[in-house]
Amino acid sequence: MAKADLSTGEKTFIIHGIQDGLRTDGRSCENYRNIELECGVVSNTSGSARLKLANTQILVGIKAEMGTPRPTRPNEGYAEFFVDFSANASPEFEGRGGEELAVEIANTLATVYDHQQVLDYKSLGIISRQCCWVIYVDIVVLECGGNLFDAIGVAVKAALFNTRLPHVTVQTDDDGQEELELSDDPHDVIAINTDNVPLFITVSKVGQRHVVDASLKEEACCLACLVVAVSTEGHICGMEKKGPNSLAVDSIQDMINTAKKVGISLNQSLSSVLKKIGYGAKAVGFLN
């Protein structure tokens, strides 16, 4: 994770400010920085999105290909996640510096998305045990300015919303063999339902209080944090604790309650913006 080098005085200033409900950029403890979002920015993908959260920039490209269903789910498609850090995102990511964090984020995404309640994987099945849609989600971190999990979660959901799959027809020939026919009509496509896709809400413990959407400097003062996947209805789809320090049970419950509250609001704001964007690529800002 990218880090900011702060002096003891700077850390004390930030911690005491948060203790009084004040942050260096003027936000309250439960407010996000402004988010800019574009969809359909990469032409040779099935769907894409670019997100900017302050100094954090994420690019997500989705490629849908036909593959073989997994043996445990013969009637369903599936998704795979790949994360890459640009060497320009932070000096710490030069060479293979971001590899460990990339694997960690990809595994977290795979775990949260590996549920029928999150995505309708049955709709991605084509022929049982033989053919299905495989959704490859490629995530590139262009710049790191803090709060990576939340930014990636929003960008992935937007890219999935933007994804369109060609309509597939299964026909049987005279020999009884099943054949696939893909529609070449650009308007004869299928959208992926993202209504139940959760967003990641990272709640960081700073001093005796906690904040959401921590900046790089606030992350440098963070004792520990919870990354909570929250659906539109406030259901928790996954949770991980990050950081070397421990958390009291009461603090964990308070942080979960904050994540649910903020998660519902963020999901609603994103859904509203995605409906305005539609399938186009116009940049839209929200969460001012």
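Buried means under 20% relative accessible area, exposed means over 50%, and partly exposed lies in between, using a 1.4 Å probe and protein chains only. By that rule glutamate 99, at 42% relative accessibility, counts as partly exposed. This is a predicted model, where local features need pLDDT of at least 70, side-chain atom pairs count only at pLDDT 80 or more, and totals for chains, interfaces and linings use all residues. Residues are numbered from 1 along each chain as its sequence is written, and side-chain values use heavy atoms, with hydrogens and water left out.

**Helices**

Helices (H or I, at least four residues) and strands (E, at least two) are DSSP runs, numbered from the N terminus. The expected span of a helix is 1.5 Å times one less than its number of residues.

- Helix H3 covers residues 148–162, and its 15 residues should span 21 Å at 1.5 Å a residue. The end C-alpha atoms of H3 are 21 Å apart, which agrees.
- In H3, 14 of the 15 residues are buried, so the helix is largely enclosed by the rest of the structure.
- Helix H5 has 29 residues and should span 42 Å at 1.5 Å a residue. Its end C-alpha atoms are 41 Å apart, which agrees.

**Nonpolar cores**

A nonpolar core is a set of buried Ala, Val, Leu, Ile, Met, Phe, Trp, Tyr and Cys residues joined through side-chain atoms within 4.5 Å. In soluble globular proteins, nonpolar side chains tend to be buried together.

- The largest nonpolar core has 72 residues. Ile58, Tyr113 and Ile135 have the most contacts inside it.
- Helix H3 gives the most to this core, with ten residues.
- A second, separate core has eight residues, including Leu6, Ile18, Ala214 and Cys221.
- Contact means heavy atoms within 4.5 Å. Leaving aside neighbours within four places in sequence, isoleucine 135 is in contact with residues including Ile62, Tyr78, Leu124, Leu160, Leu165 and Ile192.

**The second largest pocket**

Rolling a probe the size of a water molecule over the atoms shows where empty space is left. On a 1 Å grid over the protein atoms alone, a cavity is a set of points where a 1.4 Å probe fits but cannot get out. A pocket is an open set with protein on both sides within 12 Å along at least five of seven lines, and lining residues have an atom within 4 Å of a point. Grid points are joined across faces, edges and corners, and a volume is the space filled by probe spheres set on the points.

- About 190 Å³ of space lies in the second largest pocket.
- This pocket is lined by 15 residues, and the closest to its centre are Ser123, Leu124, Trp133, Leu165 and Ile190.
- Strands E5 (125–127), E6 (131–143), E7 (164–166) and E10 (189–191) are the elements that give two or more residues to the lining.
- Eleven lining residues are nonpolar, three are polar and one is charged. Here Ala, Val, Leu, Ile, Met, Phe, Trp, Tyr, Cys and Pro count as nonpolar, Asp, Glu, Lys and Arg as charged, and the others, Gly among them, as polar.

**Residues in helices**

- Lysine 11 is in helix H1 (residues 8–19). With a relative accessible area of 32%, lysine 11 is partly exposed.
- Lysine 11 and alanine 220 are 209 residues apart in sequence, yet 7.9 Å apart in space, C-alpha to C-alpha. Not counting residues up to four places away in sequence, lysine 11 touches Leu6, Ala220 and Cys221.
- Threonine 108 is in helix H2 (residues 99–113). At 5% relative accessibility, threonine 108 counts as buried.
- Glutamate 99 is also found in helix H2. Its C-alpha atom is separated by 32 Å from that of alanine 191, 92 residues apart along the chain.
- Glycine 263 lies in helix H5 (residues 249–277) and counts as buried at 0% relative accessibility.

**Positive phi**

Most residues other than glycine have a negative phi, and most peptide bonds are trans.

- Alanine 54 is not a glycine, but has a positive phi of about 55°. Alanine 54 sits in the loop between strand E2 (47–53) and strand E3 (56–67).
- Aspartate 213 has a positive phi near 50°. Aspartate 213 is buried, with a relative accessible area of 0%.
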